[in-house]
Amino acid sequence: MTLETTAEQNEIRDSLRGVLARSGDAWGSLVDLGMTEIPFPESVGGAGYGAKDLSVVIAELGRAMTTAPYLSSVVLAGSTLVQCASERALAQHVPAIASGSKTAALVAGYPFGASGIDARADGEELTLNGRQDVVVDGADADVLVVVARGPDGPELAVIDGRAAGVAREPLEALDFTRPLAAVELRDVRAARAGRDDLAQRLERAQAVAVVAVASEQVGAARACLEMSVEYAKARKQFGRAIGSFQSIKHRLSDMSIAIELAEAAVLDAANAADDRDTAQLCTAASMARVLASRASVFAAEEAIQIHGGIGFTWEHPLHTYFRRAKSNELLFGTVESHLEAVAAAL
């Protein structure tokens, strides 16, 4: 096990960073580069890469504060299908998501099995009813991957976002770079798409989602540190760069230590997603999430302080990083809930 990225992963990161800096169409660039294919098996049109490669991509998207629906479509909905869907459902729905020709959103609670959608089964067909709030990119997704509560356990279904009985309502959110929606289903018919051991597989899919959010948090935190270092070099006070003052050095050092620790935990969790059992993955994911949440919020707050007055303005991008840090802190479990999960495993 290594807590460092490979040369190939560094090349993926560097090429993506360059494209995102130049392109005005982030989603189109991700599709053209084949980034939407990364986590999917080659048998369904994917590239067959691992969780660590995916983590590198998501961290870079977090660093650039990209608004493309990559997390929602490729990671949350797509990876849930890879982990939980039947072979038939995989072949039917994943190729379009992997190619980027369709976007998807995951309609699930947290934990994933605690969905606000109820499912009534009739053979291999489900009737879905209920409402689920806080669906990332749920208002505009072409496809909805729905985790529902059935009488005998969780059910999985894939429906068209514009199907009869589907109502989607955009929600006001602190982070306006990440659209959230409420999805309501009224007697929506869909085919069963889950495997027989769906409950266990949802645990792994949930852990993969947690690792993804933690990866994004680390990328955003690193962007805050980079901006702060550059500003500390350029900003002069009392005839010298503010970065030469000990108090600023301490802030930057503390930010760097928190980010390095979180990044190591995220890489460990990504390794676990590829080669460890579900229990170990869930623990590693929760640990990564705790450290990444703390690092991202801390880095955003410290960056604003280092930037002084300009850091509080709408013209400066730091407020978007702070908003993302605070909203991600609550996405898929609080820090306290993940601390409890780690403590229970120990």
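The largest pocket is lined by 22 residues, and T5, R13, A59, R222 and E263 lie nearest its centre. This is a predicted model, where local features need pLDDT of at least 70, side-chain atom pairs count only at pLDDT 80 or more, and totals for chains, interfaces and linings use all residues. Residues are numbered from 1 along each chain as its sequence is written, and side-chain values use heavy atoms, with hydrogens and water left out.

**Pockets**

Rolling a probe the size of a water molecule over the atoms shows where empty space is left. The search uses a 1 Å grid over the protein atoms alone: in a cavity a 1.4 Å probe fits but cannot get out, while a pocket is an open set of points with protein on both sides within 12 Å along at least five of seven lines, and lining residues have an atom within 4 Å of a point. Grid points are joined across faces, edges and corners, and a volume is the space filled by probe spheres set on the points.

The largest pocket holds about 370 Å³ of space. Four helices, α1 (7-22), α3 (51-63), α6 (198-234) and α7 (246-275), each supply at least two residues of its lining. Helices (H or I, at least four residues) and strands (E, at least two) are DSSP runs, numbered from the N terminus. α3 gives the largest share of this lining, 6 residues. Domain 1 (7-99) and domain 3 (199-345) each contribute at least three residues to the lining of the largest pocket. Domain bounds come from an automatic or database domain assignment.

The second largest pocket has a volume of about 290 Å³. Of its 17 lining residues, V134, L180, S327, L330 and L331 are the closest to its centre. β3 (125-136) and α9 (318-328) each supply at least two residues of that lining. Domain 2 (104-196) and domain 3 (199-345) both give residues to the lining, so the second largest pocket lies between them.

**The largest cavity**

How many cavities of 30 Å³ or more does a search of the whole structure find? There are 4. The largest cavity has a volume of about 70 Å³. Among its lining residues are A51, L54, V208 and A270. Domain 1 (7-99) and domain 3 (199-345) both line the largest cavity, so it lies between them.

The table sorts each lining by class. Ala, Val, Leu, Ile, Met, Phe, Trp, Tyr, Cys and Pro count as nonpolar, Asp, Glu, Lys and Arg as charged, and the others, Gly among them, as polar.

| Space | Lining residues by class |
|---|---|
| Largest pocket | 7 nonpolar, 6 polar, 9 charged residues |
| Second largest pocket | 9 nonpolar, 4 polar, 4 charged residues |
| Largest cavity | 9 nonpolar, 2 polar, no charged residues |

**Helix packing**

α3, α6 and α7 each supply at least two residues of the lining of the largest cavity. α3 and α6 pack at an angle of about 45°, with their axes 7 Å apart. That makes α3 oblique to α6. Axes are lines fitted to C-alpha atoms, for helices over the stretch in contact, and angles run from 0 to 180 degrees between N-to-C directions. Angles under 35 degrees count as roughly parallel, over 145 as roughly antiparallel, 65 to 115 as roughly perpendicular and the rest as oblique.

**Backbone details**

Most residues other than glycine have a negative phi, and most peptide bonds are trans. A cis peptide bond joins Y110 and P111, with omega about -5°. P111 sits in the loop between β1 (104-107) and β2 (117-122). D137 has a positive phi, near 55°. D137 is in the loop between β3 and β4 (143-150).
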